[in-house]
Amino acid sequence: MIRSCLELVDRIFEVAHCTVVLLDTTSGQLLRYFPDHLSADTRQHINARAATMAGQVGLLKPIASTQDMALLGIDSTKVLVVAPPLTANGALGHFVLKDLHYLNLVLEIYASTISYDLLNVREQVAPESSASGFNSGSGTEAVTPQLVASPAATAKDHEQQPPLPQMLQPDDAASQKWLSGLFAAYGGDLRSEPVLHHNPYRIEQAIKEAVRLGDEQLLQHAFAIPMQGTEGRLAVDELRSLKNHANLVNVICSRAAIDGGVSYEDAFRLSDQLFLLVESITDSEQAFKVRYAIAHAFTMLVHYHLKEHNPVEVSLKVQQAILYIRQHIYDKITVASVAQAVNCHRNYLQRLFKRDTSLSVISYIRNEKLKIAKELLAHSDESVSNIAALLNFSSASHLCTVFKEQVHLTPEQYRKSHRSLG
């Protein structure tokens, strides 16, 4: 659950390799920013771009290129800026192209949270704002999401769909007519009245946050939040609807577990089994109760992962260093670069790291890279030389040497043994 704009900055920085700034466009003050060594020119550049988004509450200008910035309106004066990571001299560099889709998706989620939950600004955004803001059409034309059509989609497919009404509202007669037409176009029939007052979004946010943190007590609190609306009807049959709700909890919690540090393969394997569990249920009451069991399973998965990887409390500088290493795991990482990122002398950081983790900084970096190497060997067909290049080892033979020292198997032996077990 995001409780403040400042926490939003922290969360964005946690999940992305970037420069992130919360800025007051009235005073020009940088309220919070990462990393903490922005040059004067960089600050001025960010300030100028942020000013173009002033007052655009909850609206997002996504990243369009590797040198672009994302701009997200927070309230009448605050703008969140997500810019490319800094170069060695403190200037803005480039995003990695493959990261842009993911980062824009994360920002879309947070934009929705800001608009409808965090700051409760739904009523403050004027209806015409979408015509003058980013990603909008011209004049008074209705703005609709631009979806990428599959290769099989044809003009005939689109002709079968009824035209969208100018304002799409669940309780509007024109919208209901459009929705009925859409059902008919796909061979269905709109037979049930829509739910107009759903349970609040913050319940879902609380569940996701409990899973992400591996916090069982917080999960209990999340499920204890009073229901203030009605559950959505996800199927004509009651049992099927309840099972669909349970499957949605599965999807939400599996992604929260990945956000909490669990490998995607571990999260997806558990998710697959829980989908099968839900499908085996034949009783509506059990289909309702299984939601907590699903969320609890992912919470404990994160809990034990964190316990294994962070068994003791570590200092703030070491936490920041670990975060930097994980975010830059595909880069060439040195003790000096980590120390610079956390604004700490390298010798002091080495002492803190050894005290809190019983490992040197270099050993920790190597172990984290080997975790990724193991995952790629087990779940992909990438060659050892490609994995070595991806993880910035000096050569494939260097990766093989380090791998053999730590795992007591060559990379190819590890791949064969893992797949024979799987």
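Contact denotes heavy atoms within 4.5 Å. The structure is a predicted model, in which local features require pLDDT of at least 70 and side-chain atom pairs count only at pLDDT 80 or more, while totals for chains, interfaces and linings use all residues. Residues are numbered from 1 along each chain as its sequence is written, and side-chain values use heavy atoms, with hydrogens and water left out.

Figure 1. Apart from neighbours within four places in sequence, Thr66 is in contact with Pro84, Gly93, His94, Phe95, Leu97 and Leu100. The C-alpha atoms of Thr66 and Ala83 are 9.4 Å apart in space, and the two residues are 17 residues apart in sequence. Thr66 counts as partly exposed, at 23% relative accessibility. In this classification, buried means under 20% relative accessible area, exposed over 50%, and partly exposed in between (1.4 Å probe, protein chains only).

**Figure 2. Overview of the protein chain.** The chain comprises 18 helices and five strands. Of its 422 residues, 37% are buried. Among contacts with a separation of 6 or more, 59% come from residues 24 or more positions apart.

**Figure 3. Thr299 within helix α11.** Helix α11 spans residues 284-309 and contains Thr299. This threonine is buried, with a relative accessible area of 0%. When neighbours within four places in sequence are set aside, Thr299 is in contact with Ala210, Val211, Gly214, Asp215, Glu216 and Leu219.

**Figure 4. The aromatic pair of Phe353 and Tyr364.** Three aromatic pairs are found in a search of the whole structure. For Phe353 and Tyr364, the ring centres are 5.3 Å apart and the planes stand at 70 degrees, so the pair is edge-to-face. Rings of Phe, Tyr and Trp (its six-membered ring) pair if their centres lie within 6.5 Å; planes under 30 degrees apart count as stacked, over 60 as edge-to-face and the rest as tilted. The pair links distant parts of the chain, with Phe353 in helix α14 (residues 346-357) and Tyr364 in helix α15 (residues 361-379), 11 residues apart. Phe353 and Tyr364 are both buried.

**Figure 5. The aromatic pair of Phe403 and Tyr414.** This pair is edge-to-face, at 5.6 Å centre to centre and with 75 degrees between the planes. Phe403 belongs to helix α17 (residues 396-407) and Tyr414 to helix α18 (residues 411-421), and the pair links distant parts of the chain, 11 residues apart. Phe403 is buried at 0% relative accessibility, and Tyr414 is also buried, at 16%.

**Figure 6. Packing of helices α12 and α14.** The axes of α12 (residues 316-327) and α14 lie 9 Å apart, and the helices pack at an angle of about 95 degrees. The two helices are therefore roughly perpendicular to each other. Axes are lines fitted to C-alpha atoms, for helices over the stretch in contact, and angles run from 0 to 180 degrees between N-to-C directions. Angles under 35 degrees count as roughly parallel, over 145 as roughly antiparallel, 65 to 115 as roughly perpendicular and the rest as oblique. Helix α12 contributes Lys317, Val318, Ala321, Ile322 and Ile325 to the contact, and α14 contributes Leu349, Leu352, Phe353, Asp356 and Thr357. By class, these are seven nonpolar, one polar and two charged residues (Ala, Val, Leu, Ile, Met, Phe, Trp, Tyr, Cys and Pro count as nonpolar, Asp, Glu, Lys and Arg as charged, and the others, Gly among them, as polar).

**Figure 7. Backbone geometry at Pro35, Asn392 and His408.** Most residues other than glycine have a negative phi, and most peptide bonds are trans. Phe34 and Pro35 are joined by a cis peptide bond, with omega about -10 degrees; Pro35 lies in the loop between β2 (30-34) and α2 (40-51). Asn392, although not a glycine, has a positive phi of about 65 degrees. Asn392 is situated in the loop between α16 (384-390) and α17 and is partly exposed at 38% relative accessibility. His408 is likewise not a glycine and has a positive phi of about 65 degrees. The loop between α17 and α18 holds His408, which is exposed, with a relative accessible area of 60%.

Technical notes:
Helix = DSSP H or I, 4+ residues; strand = E, 2+ residues; numbered from the N terminus.
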